[in-house]
Amino acid sequence: MTQETGTGRPRWVWVLAALVGVVLVAVVALVVTRQVRDDGPRRTAGPVATTASPTPSPTPSPTPPPGAAVTGPLNLLLVGVDTRVSVPGWEPHGDSVLILHVPAGLDRAYLFSLPRDLVVDIPAFPKSGYQGGRTKLTHAMSYGSRVPGKPKNPSAAQGYELLRSTVAGYTGLRFDAGAVITFNGFDRLVDTLGGVDLYVDQRVPSLHRRPDGKYRDPAPGGGGYTGPQMVYEKGERHLNGWQALDYARQRYITGGDYARQRHQQQLLRALAAKILGENLAREPDRVDQVVAALGDTLVYAGGPRIVDLAYALGGMSADRITLVGLPGDGVGKGSSYRGEQLTRVGKDFLPALKAGRAESYLDAHPELRVKN
């Protein structure tokens with residue numbers, strides 16, 4: 001990706017930004033809170049009397065702790081973009097669009113996805129010259145990334161702006177922060193953490209990879225791929241970086257893109273648990289590995305200061321994150337297929353979420369809760 005998260009920041013800020021985008025703010029909050037408590041500025045004592053009759057000094061107002069001004073509800077938009085962003089002129093597409101909603105109490109969260117092919121209204125975006133239209137959600141990132149006069153230098157950060165506006169218009173949610181990461185960055189992160197353990201809930205053949213990890217050969221005539229396939233069998237599995245990425249990308253499986261969304265959510269939660277278990281902030285060498293692995297593969301699109309967001313969510317744990325699967329179906333049939341739309345049950349979750357009724361809505365529609 002072409003845009004960096006910034007320069008001259010303390011190392012822990014870089015790590016926090018990375019983990020916010022890749023996993024969950026809740027997990028990062030715990031990691032960074034530990035690091036800041038260890039290495040951050042200490043509160044100094046007040047003036048000390050030097051005479052028997054000291055001149056009264058005004059009592060300084062206590063400094064608010066980091067995150068004191070951050071209140072819920074919070075919404076974060078996490079976007080995964082395709083791996084070809086390194087090709088000059090290639091416009092990034094929003095292949096994975098995930099939303100993390102934290103209610104007013106800041107003690108739990110809901111993670112759900114929107115289909116990449118969801119048919120939505122994309123607003124006009126003067127920065128890129130896009131005039132607006134109704135098409136698939138994935139294209140919002142692409143249309144917004146165009147930089148007039150620089151066709152070979154699309155901006156992922158600018159593309160995120162249009163994607164965020166599009167998702168906000170569809171969901172009715174206001175987004176407080178977010179991040180964009182390439183699939184290559186995700187691959188690297190998993191490897192630096194030593195892989196991830198998760199439950200594979202259905203048999204998933206890989207369209208792209210062989211069992212040894214190498215890419216499969218294109219079939220003659222451009223009709224897919226040929227050769228041995230990597231297969232992820234149902235059950236408890238340990239996946240390395242390329243396997244985790246490959247597993248989470250597969251959508252030509254039972255359940256299609258909705259199954260892929262579920263698998264991505266499950267993978268993120270498993271990775272969250274992994275990071276908690278690593279106690280990352282206590283291991284400087286591991287921090288260096290994460291920073292080096294991610295490099296410029298992530299853009300943090302922040303609102304509040306990162307450390308404030310981390311402190312505000314410091315009381316949350318991975319088991320307080322509810323995965324939600326929003327069902328949908330196709331718009332158009334056969335050669336007239338236009339994309340996807342959420343079913344009424346799926347779409348009605350959004351206003352319930354905004355109104356603070358997510359838990360009661362899920363109790364009434366338990367099929368929306370993603371297990372494992």
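Analyst: Let us begin with burial: a residue is called buried when its relative accessible area is under 20%, and exposed when that area is over 50%. Please keep in mind that this is a predicted model.

User: How does R209 count by that rule, buried or exposed?

Analyst: R209 has a relative accessibility of 10%, and therefore counts as buried. R209 belongs to the loop between β8 (204–205) and β9 (217–218).

User: Over which ring does the charged end of R209 sit?

Analyst: The general idea is that the charged end of Lys or Arg may lie over an aromatic ring. Here the ring is that of Y215, and the charged end of R209 is 4.2 Å from the ring centre. Leaving aside residues up to four places away in sequence, the residues that R209 touches include D187, P228, W242 and D246.

User: Let us turn to salt bridges. How many does the structure hold?

Analyst: A salt bridge pairs a side-chain nitrogen of Lys or Arg with a carboxyl oxygen of Asp or Glu, within 4 Å. The structure holds 15 salt bridges. One of them joins R134 and D121, whose closest N and O atoms are 3.1 Å apart. This pair links distant parts of the chain, since R134 is in strand β5 (residues 133–136) and D121 in strand β4 (residues 119–122), 13 residues apart. R134 and D121 are both exposed.

User: With which residue does K127 form a salt bridge?

Analyst: The partner of K127 is E161, and their closest N and O atoms are 3.0 Å apart. This pair too links distant parts of the chain: K127 is in the loop between β4 and β5, E161 is in helix α4 (residues 156–171), and 34 residues separate them. K127 has a relative accessible area of 45%, so K127 is partly exposed. E161 is also partly exposed, because its relative accessibility is 23%.

User: Where do R344 and D348 lie?

Analyst: Both are in helix α10 (residues 344–354), four residues apart, which is about one turn of the helix. R344 counts as exposed because its relative accessibility is 59%, whereas D348, at 28%, counts as partly exposed. Elsewhere, salt bridges that share partners join D95, R116, D117 and R251 into one network.

User: Which residues of α10 are buried?

Analyst: In α10 the buried residues are G346, F349, L350, A352 and L353. The elements that cover them include β2 (94–102), β3 (109–114), α4, β14 (321–324), β16 (339–342) and α11 (358–364). Just after α10, G356 takes a positive phi of about 80°.

User: Which residues touch the most other members of the largest nonpolar core?

Analyst: A nonpolar core is a set of buried nonpolar residues joined through their side chains. The largest one has 37 residues, and F112, L114, V167 and F349 touch the most other members. The elements that give two or more residues to this core include β1 (74–81), β2, β3, α4 and α10. Helix α4 supplies the largest share, six residues. Another core, of 35 residues, lies apart from it, and L193, L198, V200 and Y232 are among its members.

User: How many aromatic pairs are there?

Analyst: Aromatic rings form a pair when their centres lie within 6.5 Å, and the angle between the planes gives the kind of pair. The count comes to four aromatic pairs. One of them, F112 with F349, is edge-to-face, with 5.6 Å from centre to centre and 85° between the planes. Because F112 lies in strand β3 and F349 in helix α10, the pair ties together parts that are 237 residues apart in sequence. Both F112 and F349 are buried.

User: Why is the pair of F349 and Y361 called tilted?

Analyst: The ring planes of F349 and Y361 stand at 55°, with centres 6.1 Å apart, so the pair is tilted. This pair links helix α10, which holds F349, to helix α11, which holds Y361. F349 counts as buried because its relative accessibility is 0%, and Y361 counts as buried at 12%. Together, F112, F349 and Y361 form one aromatic cluster.

Key
Residues numbered from 1 in each chain as written. Predicted model: local features only at pLDDT ≥ 70, side-chain atom pairs only at ≥ 80, totals over all residues. Heavy atoms only, no water. Buried < 20%, exposed > 50% of the residue type's maximum accessible area, 1.4 Å probe, protein only. Contact = heavy atoms within 4.5 Å. Core = buried A, V, L, I, M, F, W, Y, C linked by side-chain atoms within 4.5 Å. Phe/Tyr/Trp six-rings, centres within 6.5 Å; stacked < 30°, edge-to-face > 60°. Lys NZ or Arg CZ within 6 Å of the ring centre and 35° of its normal.
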